[in-house]
Amino acid sequence: MKMHLDWYDRSILSFVLESALLSTPQNGTSPVQFGLDARRIARRFDVILDAYGSRHLPLDDADQELIYRAARYRTSTAPAAVV
């Protein structure tokens with residue numbers, strides 16, 4: 001039996017993927033979404049990916065694709081490591 005993301009987590013992942021939230025510096029004046037400011041949305045985005053991505057839960061195909069897209073997005077917007 002496959003699981004589903006809850007609507008809130010799915011909405012946050014979709015919102016971040018459809019916006020430039022993580023790739024654009026936030027100055028603290030961004031509008032509040034989901035009852036969270038931009039910094040907290042970004043933090044929740046990471047928590048969702050860590051929870052669902054690391055446990056390899058059997059998600060339905062659409063939710064699994066959303067997790068994969070979000071993980072790729074997070075990797076592509078991660079700051080370069082300082083050596």
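**View 1. The structure holds two aromatic pairs.** Rings of Phe, Tyr and Trp (for Trp, its six-membered ring) count as a pair if their centres lie within 6.5 Å, and the pair is called stacked when the planes are under 30 degrees apart, edge-to-face when they are over 60 degrees apart, and tilted for the rest. In the pair formed by Trp 7 and Tyr 8, the ring centres are 5.6 Å apart and the planes stand at 90 degrees, so this pair is edge-to-face. Trp 7 counts as exposed because its relative accessibility is 61%, and Tyr 8, at 23%, counts as partly exposed; here buried means under 20% relative accessible area, exposed means over 50%, and partly exposed lies in between (1.4 Å probe, protein chains only). This is a predicted model, in which local features need a pLDDT of at least 70 and side-chain atom pairs count only at pLDDT 80 or more, whereas totals for chains, interfaces and linings use all residues. Residues are numbered from 1 along each chain as its sequence is written, and side-chain values use heavy atoms, with hydrogens and water left out.

**View 2. The rings of Phe 45 and Tyr 73 form an edge-to-face pair.** Their centres are 6.4 Å apart, and their planes meet at 85 degrees. Because Phe 45 lies in helix H2 and Tyr 73 in helix H3, the pair ties together parts that are 28 residues apart in sequence. Phe 45 counts as buried, with a relative accessibility of 0%, and Tyr 73 is buried as well, with a relative accessible area of 15%.

**View 3. The chain has three helices and zero strands.** Helices (H or I, at least four residues) and strands (E, at least two residues) are DSSP runs, numbered from the N terminus, and along the sequence the chain follows the pattern α-α-α. Of its 83 residues, 28% count as buried. The chain exposes about 5700 Å², of which carbon and sulfur atoms supply 57%, where accessible areas come from the Shrake-Rupley method with a 1.4 Å probe and, for residues, only the protein chains shown count as cover. Among contacts (heavy atoms within 4.5 Å) between residues at least 6 apart in sequence, 68% join residues at least 24 apart.

**View 4. The largest nonpolar core has 16 residues.** Such a core is a set of buried Ala, Val, Leu, Ile, Met, Phe, Trp, Tyr and Cys residues joined through side-chain atoms within 4.5 Å. Within this core, Leu 5, Leu 13, Phe 45 and Ile 67 touch the most other members. The elements that give two or more residues to this core are helix H1 (7-18), helix H2 (38-55) and H3, and H2 gives the most, with five residues.

**View 5. Helix H3 covers residues 61-77.** At 1.5 Å a residue, its 17 residues should span 24 Å, and its end C-alpha atoms are 24 Å apart, which agrees; the expected span is 1.5 Å times one less than the number of residues. The buried residues of H3 are Asp 63, Gln 64, Leu 66, Ile 67, Ala 70 and Tyr 73. Ala 71 is also found in H3, but Ala 71 counts as partly exposed at 29% relative accessibility. The C-alpha atoms of Ala 71 and Asp 46 are 8.9 Å apart in space, although these residues are 25 residues apart in sequence.

**View 6. Leu 5 and Asp 63 touch each other.** Asp 63 lies in helix H3 and counts as buried, at 3% relative accessibility. The backbone nitrogen of Leu 5 lies 2.7 Å from a polar atom of the Asp 63 side chain; a polar contact is a pair of N or O atoms within 3.5 Å, and within protein one atom must be able to donate a hydrogen and the other to accept it, while residues adjacent in sequence count only if both atoms are side-chain atoms. Leaving out residues up to four places away in sequence, Asp 63 touches Met 3, His 4, Leu 5 and Arg 10.

**View 7. Ser 11 lies in helix H1.** Ser 11 is partly exposed, with a relative accessible area of 26%, and its side chain reaches the backbone oxygen of Trp 7 at 2.7 Å. The C-alpha atoms of Ser 11 and Phe 34, which are 23 residues apart along the chain, are separated by 8.8 Å.
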